Amino acid sequence: MPRKPPRVAIGIDLEWPLKHHVGVVAGILQHARERGWECALSPFPGGRVDGLIGRVTRGMAAFARRSRIPAVNVWVDSPDTRLPRVVPDPRGAADLALRHLRDRGFRRFGFLGQAHDRNSAIQRQEGRFGTVLLAPKNRQRGPEWRAFQEALRAWVRSWKVPIGIFATDDLLCRYLADECLRQGRRIPDDAGLVGAGNSELVCEALAPTLSSVEYGFERVGLRAARLLERLMNGTRPPREAIVVPPLILVARASTDVFAVEDRGVASALRFIANRAAGPIGVDDVAAAVPVSRRSLERRFRTSVERTIHEEITRARLERVKRRLMETDLPIKAIARDSGFAGLEHLSRVFRQKEGRPPGAWRRDQRPQASSRAAAPFGSNSRSSARTKG
């Protein structure tokens with residue numbers, strides 16, 4: 001008699017389509033399709049199941065222990081800390097945001113987070129931000145919203161500009177952008193803003209468009225499903241949480257500036273940003289700025305703490321990463337389109353900076369890009385899973 005496929009409960013609420021919930025579930029279902037699992041979407045799992053992946057509440061954790069089934073937690077702020085966890089990396093998101101703001105010339109930094117939130121607590125550690133505002137989590141009622149608005153107003157007034165701000169999520173970043181505009185703060189000249197989550201509706205539908213960290217939540221779901229499969233096969237759970245690093249920072253209008261006081265260096269940075277995909281070198285940059293090459297190189301190091309050549313390479317690599325993430329173009333074509341001499345040149349530089357070749361980086365960052373992941377869940381493919389409930 002053929003063995004029944006495993007039945008897996010997915011305890012993630014999709015009634016309100018938050019991008020990170022949808023992304024995590026998409027990654028889970030990709031693996032489920034490949035393995036022939038039966039899956040049930042339920043924020044309150046029950047009945048016969050062989051495994052559970054969820055944003056684990058105390059009730060879910062009690063159900064998993066009572067039923068003696070393996071479970072994987074994908075919620076950073078979960079009240080349960082004993083079950084195996086696969087979670088996105090909030091510290092990595094803050095690192096990406098700060099690196100981007102530094103690359104844009106900012107030297108003062110602020111953080112907008114949420115009170116009583118583990119993501120925010122992790123992100124603001126180590127005193128990396130000179131000024132911090134923590135918003136209340138519950139802002140739905142009038143009094144709480146007005147108190148938040150008043151705190152936001154006072155915080156923006158207190159800034160010494162220019163300043164780069166990282167907000168723990170895109171919605172907070174949008175509220176901040178609106179307050180900056182009300183007070184006449186110029187975005188991005190006075191304040192460069194970076195959110196997290198890369199929610200297209202919040203980041204792109206209003207002006208100014210917001211730069212944001214793309215977590216790539218599908219990879220969290222995929223890693224969680226792979227871990228659950230090992231646990232269902234009897235493997236011991238890992239002692240530490242599996243932390244999945246963010247994908248990339250998507251730059252938009254809210255950081256489209258070079259906040260350096262030296263106008264010659266700012267002009268050089270703008271020239272590089274606009275021309276890095278072409279065959280330019282240090283001489284071309286120097287020729288575009290009314291400053292001698294030697295003087296420009298010295299001032300460049302002083303202002304942005306790297307050489308002109310290093311900035312050209314950095315700008316090209318950022319373009320490569322975007323193309324690897326957003327397109328299925330061959331890497332050889334991406335190399336030509338991004339200013340590299342060819343595939344060999346790109347591979348050598350990419351290995352030096354990222355520790356692996358561009359093809360491996362693309363596979364790690366885009367597990368959902370396979371043809372099977374593109375098929376609708378429940379399709380007629382031989383390996384598709386069946387949805388229940």
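Start inside. Select Ile53, Val72, Val86, Phe166 and Val213: of the 41 residues in the largest nonpolar core, these touch the most other members. Keep in mind that this is a predicted model.

Now colour the elements that build this core. Strand 1 (7–11), helix 1 (19–35), helix 3 (90–103), strand 6 (109–114), strand 9 (191–196), helix 8 (217–232) and strand 11 (242–244) each give at least two residues to the core. Which element gives the largest share? Helix 8 does, with seven residues.

**Val72**

Stay in the core and pick Val72, one of the residues that touch the most other members. Set aside its neighbours within four places in sequence. Val72 is then in contact with Leu52, Ile53, Gly54, Val56, Pro84, Val86, Ala224, Leu227, Leu228 and Leu231.

**Ala61**

Next, select residues 58–67. This is helix 2, and Ala61 lies in it. Is Ala61 buried or exposed? Its relative accessibility is 2%, so Ala61 counts as buried. Beyond its neighbours within four places in sequence, Ala61 is in contact with Val56, Asp80 and Leu83. Val56 is also a contact of Val72. Now draw a distance from Ala61 to Asp13. These two are 48 residues apart along the chain, and their C-alpha atoms are separated by 16 Å.

**Helix 1**

Move to helix 1, residues 19–35. How far apart are its end C-alpha atoms? They are 25 Å apart. At 1.5 Å a residue, its 17 residues should span 24 Å, so the two values agree. Then select the buried residues of this helix: His21, Gly23, Val24, Val25, Gly27, Ile28, Leu29, Gln30, His31, Ala32 and Arg33. Step just past the end of helix 1 to Gly36, which takes a positive phi of about 75°.

**The whole protein**

Zoom out and show the cartoon. The protein has 16 helices and 13 strands. Its radius of gyration is 23 Å, close to the 21 Å that the globule rule gives for 389 residues, so the protein is as compact as a globular protein of that length. Its C-alpha atoms fill a box of roughly 80 × 60 × 35 Å along the principal axes. Of the 389 residues, 51% count as buried.

**Last stop: confidence**

Colour by pLDDT. The mean is 88, and 93% of residues reach 70 or more. Finish at residues 370–389, where pLDDT stays under 50. The model has 39 contacts beyond four places in sequence for this stretch. Where pLDDT is low, predicted coordinates should not be read in detail.

Key: Residues numbered from 1 in each chain as written. Predicted model: local features only at pLDDT ≥ 70, side-chain atom pairs only at ≥ 80, totals over all residues. Heavy atoms only, no water. Core = buried A, V, L, I, M, F, W, Y, C linked by side-chain atoms within 4.5 Å. Buried < 20%, exposed > 50% of the residue type's maximum accessible area, 1.4 Å probe, protein only. Helix = DSSP H or I, 4+ residues; strand = E, 2+ residues; numbered from the N terminus. Contact = heavy atoms within 4.5 Å. Expected span 1.5 Å × (residues − 1). pLDDT = per-residue confidence, 0-100. Rg over C-alpha atoms; globule rule 2.2 N^0.38 Å.
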